[in-house]
Amino acid sequence: MEEYQDRSLRGRVFQRIREDILTGVYRDGEELREIPLGEKLGVSRTPVREALRQLELEGLVAVVPNKGAYVTAITQKDVRDIYKIRSLLEGLCARWAARNITEQQIEELEETVLLSEFHLHRDGAGRARQVSELDGRFHQVLYEASDSRILEHVLKDFHKYVKMARQLSVGSSDRAEQSIAEHKEILEAVKCKDEDLAEKLADKHIMNVMKNLHIEM
């Protein structure tokens, strides 16, 4: 039980620091010091040190001997590569979703689209955040509907890596409206079990996100 709790603690520390890097809490080149991080997270230095080693393997942290650990930002090329790969995987995901989706998952997608349209036309500072979260939720349900744990895991990780870029994309009303319209098209293709069309539309959707972010193909 103690070993399990240790692994669980290390995992929570890793996920927290990783999330803070990906959402911009820590900036490119910023030093991540074990003691302040441990105090902030309420843990000892050991799980922090192990989390930094794991983050180094992911390329999010560079550990310089005798100096310390420093944040390594996601570059524009990284984002471009992720979106190119993601467009292929999102297409595959939509194809498999069209084959395996359940009635409950269809209802979840329909509800997500309706809520997206509702929040899109609301005023207030939280509108962009709500639309962004619903955008992520739409894709998450599709990942689950693909009935592939491996594909779902990979695509969820890609979502985390480009979280800030994705929020920027759906933050504009014009792009958000277009994105929701594209979601509706994908949903209809999935409901009709049209695997070829679902794959084509999902691939096109991610390509449109890239264009909106001015990412070269």
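Ten helices and three strands make up the secondary structure of the protein chain in this predicted model. The order of elements from the N terminus is α-β-α-α-β-β-α-α-α-α-α-α-α. The chain has 217 residues, of which 42% count as buried. Among contacts with a separation of 6 or more, 72% are between residues 24 or more positions apart. The accessible surface is about 12200 Å², and carbon and sulfur atoms contribute 50% of that area.

**Sheet**

- The three strands form an open, antiparallel sheet in the order β1-β3-β2.
- β1 (31-32) and β2 are the edge strands, each with a single partner, so one side of each has no neighbour in the sheet.
- Two bridges connect β1 and β3, which run antiparallel; L32 has A69 of β3 as its bridge partner.
- Strand β2 (residues 61-64) and strand β3 (residues 68-71) are also antiparallel and are joined by four bridges, with A62 opposite Y70 of β3.
- β2 and β3 form a hairpin with three residues between them, and N66 in the turn has a positive phi of about 65°.

**Helix α2**

- Helix α2 (residues 34-41) has E34, L37 and G38 as its buried residues.
- These residues lie on the same side of α2, because they cover an arc of only 100° around the axis.
- In an α-helix, residues three or four places apart point the same way, because there are 3.6 residues a turn.
- G42 follows α2 and has a positive phi, near 70°.

- F14 belongs to helix α1 (residues 2-22) and is buried, at a relative accessible area of 4%.
- Leaving aside residues up to four places away in sequence, F14 touches A51, Q54, L55 and E58.
- The C-alpha atoms of F14 and V48 are 7.4 Å apart, although the two residues are separated by 34 residues along the chain.
- E152 belongs to helix α7 (residues 149-161).
- E152 is buried but has no salt bridge; K156, the nearest side chain of opposite charge, is 4.4 Å away.
- The cut-off for a salt bridge is 4 Å between a side-chain nitrogen of Lys or Arg and a carboxyl oxygen of Asp or Glu.
- Beyond residues up to four places away in sequence, E152 touches Q140, Y143 and E144.

**Salt bridges**

- The structure contains 20 salt bridges.
- One of them pairs E34 with R45, with the closest N and O atoms 3.1 Å apart.
- This pair links distant parts of the chain, since E34 is in helix α2 and R45, eleven residues apart from it, is in helix α3 (residues 45-57).
- E34 is buried, at a relative accessible area of 19%, whereas R45 is partly exposed, at 43%.
- R95 and D196 form another salt bridge, in which the closest N and O atoms are 2.4 Å apart.
- R95 is in helix α4 (residues 76-100) and D196 in helix α10 (residues 195-212), so this pair ties together parts 101 residues apart in sequence.
- R95 counts as buried at 18% relative accessibility, and D196 counts as exposed at 53%.
- R175 forms a salt bridge with E182, the closest N and O atoms being 3.1 Å apart.
- Salt bridges with shared partners join R95, R99, E195, D196 and E199 into one network.

Methods
Residues numbered from 1 in each chain as written. Predicted model: local features only at pLDDT ≥ 70, side-chain atom pairs only at ≥ 80, totals over all residues. Heavy atoms only, no water. Buried < 20%, exposed > 50% of the residue type's maximum accessible area, 1.4 Å probe, protein only. Contact = heavy atoms within 4.5 Å. Areas by Shrake-Rupley, 256 points an atom, 1.4 Å probe, with all protein chains shown as cover. Pairing = 2+ DSSP bridges. Arc of directions from axis to C-beta. Lys, Arg positive; Asp, Glu negative; His and termini not counted.
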